[in-house]
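The following paragraphs lead through selected parts of the structure shown here. They begin with a single side chain and then proceed to a sheet and to charged pairs.

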Amino acid sequence: MSFFFYGSGAHRNSHSFPTRRSSDLRLLLLVATRKGAWLFHGDGRRRSWKVDGPHFLGHSVSHLQLDPRDGRTLLAAVKTGHLGPTIFRSTNLGRTWKEASRPPAFAQPSEGGLPARAVDHTFWLTPGHASETGSWYAGTSPQGLFRSDDGGASWAPLEIGRAHV
């Protein structure tokens with residue numbers, strides 16, 4: 001579960017606390033479950049809530065993450081029965097979703113090398129640095145680290161030195 005402040009008062013001071021009155025803020029609570037994902041939109045005082053969902057009903061959602069760089073892009077790590085593990089992206093706070101054209105996947109092994117590995121699920125999504133617009137990182141099981149430079153549309157193993165993680 002993750003929560004974010006957004007709206008006209010969403011600017012934060014150096015201690016990561018909202019700097020505006022709570023009446024100017026909106027709260028977004030992201031809930032990822034084995035049965036889908038839900039977004040809860042609340043007022044800054046947490047008195048009024050709007051439920052948005054379910055998204056991906058019946059599918060396991062391991063992680064749901066809002067991009068703090070734009071405040072509207074969401075990425076969801078979803079394991080579906082027919083597509084397998086994949087990443088979905090929304091640029092409008094979940095109104096529409098598009099599947100990654102190339103989700104995280106391990107490279108095919110060379111002949112005579114290690115046995116093939118397959119991603120079981122993505123368990124962690126995180127946006128890159130604020131100066132790296134469109135960059136995202138994904139952690140998978142079995143162990144893998146992947147990077148996207150196009151906002152989550154395609155993913156490649158992260159290269160560390162000469163090794164692929």
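In this predicted model, the side chain of Thr140 reaches the backbone oxygen of Pro142 at a distance of 3.0 Å. Thr140 belongs to strand S10. Is Thr140 buried or exposed? Its relative accessible area is 2%, and residues under 20% count as buried, so Thr140 is buried. The surroundings of Thr140 can also be listed by residue: with positions up to four places away in sequence not counted, Thr140 touches Pro104, Phe106, Val119, His121, Thr122, Phe123 and Phe146.

Attention now turns to a sheet. Which strands form the open sheet, and in what order? The order is S5-S6-S7-S8, four strands in an open arrangement with antiparallel pairing. Strand S5, covering residues 60-66, and strand S8, covering 98-99, each have a single partner strand and stand at the edges, so one side of each is left without a neighbour in the sheet. In general, the strands of a sheet pair through backbone hydrogen bonds, in either a parallel or an antiparallel manner. Strand S7, which comprises residues 84-90, is joined to S8 by two bridges, and these two strands run antiparallel. Within this part of the sheet, Arg89 stands opposite Lys98 in S8.

Strand S6, made up of residues 74-80, contains Ala77. With a relative accessible area of 1%, Ala77 is buried. His63 is 14 residues from Ala77 along the chain, yet the C-alpha atoms of the two are separated by 5.2 Å. Which residues are in contact with Ala77 once its neighbours within four places in sequence are left aside? They are Ser60, Val61, Ser62, His63, Thr86, Ile87, Thr122 and Leu125.

Side chains of opposite charge can pair when their charged atoms come close. How many salt bridges does the model contain? With a side-chain nitrogen of Lys or Arg required to lie within 4 Å of a carboxyl oxygen of Asp or Glu, the count is four.

One of these salt bridges joins Arg69 to Asp67, with the closest N and O atoms 2.8 Å apart. The two partners may be described by their accessibility: Arg69 is partly exposed at 26% relative accessible area, whereas Asp67 is buried at 5%.

Another salt bridge brings together the side chains of Lys79 and Asp120, at 2.9 Å from N to O. Lys79 lies in strand S6, while Asp120 is in the loop between S8 and strand S9 (121-127), so the pair ties together parts that are 41 residues apart in sequence. Lys79 is partly exposed, its relative accessible area being 34%; Asp120 is likewise partly exposed, with a value of 34%.

Arg147 forms a salt bridge with Glu132, in which the closest N and O atoms are 3.8 Å apart. This pair links distant parts of the chain, 15 residues apart: Arg147 is located in strand S11 (residues 144-148), and Glu132 in the loop between S9 and strand S10 (136-141). Glu132 is partly exposed, with a relative accessible area of 28%. Which residues are linked in a network of salt bridges? Glu132, Arg147 and Asp149 are linked in this way.

Methods
Residues are numbered from 1 along each chain as its sequence is written. This is a predicted model: local features need pLDDT of at least 70, side-chain atom pairs count only at pLDDT 80 or more; totals for chains, interfaces and linings use all residues. Side-chain values use heavy atoms; hydrogens and water are left out. Two strands pair if DSSP finds at least two bridges between them. Buried means under 20% relative accessible area, exposed over 50%, partly exposed in between (1.4 Å probe, protein chains only). Contact means heavy atoms within 4.5 Å. A polar contact is a pair of N or O atoms within 3.5 Å; within protein, one must be able to donate a hydrogen and the other to accept it, and residues adjacent in sequence count only if both atoms are side-chain atoms.
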